[in-house]
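Hi everyone, thanks for making the time this morning. I'd like to walk you through a structure, starting from the inside and ending at the ligand. Let me put it up on the screen.

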Amino acid sequence: MEKLKSVILGSGPAGYTAAIYIGRAGFKPVIYEGLQPGGQLTTTTIVENFPGFPEGIDANELMEAMRKQAETFGAEIRPHIAVKADLSVAPYRLTFDDGSEVETQSVVIATGATAKYLGLPDEEKYKGEGVSACATCDGFFYRKKVVAVVGGGDTACEEAEYLSTLANKVYLIVRKPFLRASEIMQARVKQNPKIEILFETNTLGLFGENGVEGVRLVYRKGETDERRYELAIDGFFLAIGHQPNSAIFKPWVKTDETGYIITEGHTPRTGVPGVFAAGDVADPNYRQAITAAASGCQAGIEVSHYLQNL
Ligand code: NDP
């Protein structure tokens with residue numbers, strides 16, 4: 001079996017940043033790209049909140065640059081997804097979707113979180129053309145426009161609030177007759193004149209010739225009251241939760257009830273020596289490219305120290 005010193009699982013900002021640090025420390029990390037090469041950012045368009053790019057930067061260009069920078073310092077990038085992990089004792093054993101297996105002294109888990117979608121075919125059709133799961137990333141493009149946010153939790157309320165600072169009108173589509181969000185967030189959206197909450201409403205589909213131009217909705221109350229209608233919108237935002245990609249590590253590392261990996265204090269340490277978690281898989285709160293990169297840096301430094309001391 002192939003024996004490695006450093007494996008990084010995931011190729012978003014956390015994974016690439018960890019690779020840059022580990023590579024510069026002289027250990028050649030192997031990055032497995034995972035589910036979404038380049039990470040979640042590649043599902044958006046322009047990134048305007050990553051410092052250093054006053055005009056913004058194309059998300060794919062940014063990730064390509066990080067990839068090249070990681071390769072410059074010796075990272076090898078492989079296109080597979082980890083499907084099994086045995087972290088019981090070092091060296092740790094990882095199995096990939098092509099059937100290959102490796103043994104490694106250290107692991108950076110940077111597998112990210114996947115935004116949940118409703119599962120409508122139209123979401124795929126209009127992804128990047130009016131459908132987004134990140135208001136912070138894409139909200140800016142909806143200045144003075146009309147948008148809809150799906151969800152009734154804190155994220156949905158926060159995103160609706162944020163979008164209301166840009167858009168002229170925000171519909172909040174909530175499937176239940178009440179919001180699940182904290183009292184303070186509920187109060188904010190209810191008092192916001194730009195936000196209209198559509199309770200007991202579900203999305204049937206989207207339509208539009210040039211990207212999203214409208215949403216088809218159904219309002220249901222009880223058994224008999226059902227009303228189908230359409231609304232003109234320019235953007236459709238999902239805020240129905242994220243699923244951290246941590247399933248295969250759960251027997252070995254601590255996770256919260258949603259599956260986010262719980263690390264020790266303000267470090268990326270998982271409690272398993274040589275195994276670190278960075279980026280969205282361990283971050284239920286911020287989920288930004290820059291925070292992921294920062295925790296990737298921490299993990300990279302930790303791995304370098306760990307390997308130096310072996
Ligand atoms: P939540 O799980 O709290 O809420 C998800 C929302 O999406 C619920 O209203 C749920 O509806 C709805 N939903 C789920 N699936 C569907 C579906 N298929 N169709 C329509 N609606 C759907 O997720 P959040 O991301 O909002 O929050 C996650 C955690 O992070 C929470 O603990 C939250 O408090 C926390 N958080 C805290 C923040 C803060 O404090 N500033 C900011 C953001 C998040 P239903 O209620 O019917 O299940």
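This is a predicted model: local features need pLDDT of at least 70, side-chain atom pairs count only at pLDDT 80 or more; totals for chains, interfaces and linings use all residues.

**From the core to the ligand**

Let's begin with the largest nonpolar core: it has 30 residues, and I31 and V108 are the members that touch the most others.

As background, nonpolar side chains tend to be buried together in soluble globular proteins.

So what is I31 in contact with, once its neighbours within four places in sequence are left aside? The list for I31 is I8, G10, S11, G15, Y16, A19, A70, A75, E76, I77 and R78. There is also a second, separate core, with 21 residues, L4, L87, Y92 and I109 among them.

Now over to the ligand. There are 13 residues around the ligand, and the ones that come nearest are D154, T155, E158, R175 and R180. By type, that shell splits into 5 charged, 5 polar and 3 nonpolar residues.

D154 places a polar side-chain atom at 2.6 Å. K176 comes in with a polar side-chain atom at 2.9 Å. As for cover, the ligand taken alone exposes 910 Å², and the protein buries 67% of that.

Note on methods: Residues are numbered from 1 along each chain as its sequence is written. Side-chain values use heavy atoms; hydrogens and water are left out. A residue is near a molecule or strand if one of its heavy atoms lies within 4 Å of it. A polar contact is a pair of N or O atoms within 3.5 Å; within protein, one must be able to donate a hydrogen and the other to accept it, and residues adjacent in sequence count only if both atoms are side-chain atoms. Accessible areas come from the Shrake-Rupley method with a 1.4 Å probe; for residues, only the protein chains shown count as cover. Ala, Val, Leu, Ile, Met, Phe, Trp, Tyr, Cys and Pro count as nonpolar, Asp, Glu, Lys and Arg as charged, and the others, Gly among them, as polar. A nonpolar core is a set of buried Ala, Val, Leu, Ile, Met, Phe, Trp, Tyr and Cys residues joined through side-chain atoms within 4.5 Å. Buried means under 20% relative accessible area, exposed over 50%, partly exposed in between (1.4 Å probe, protein chains only). Contact means heavy atoms within 4.5 Å.
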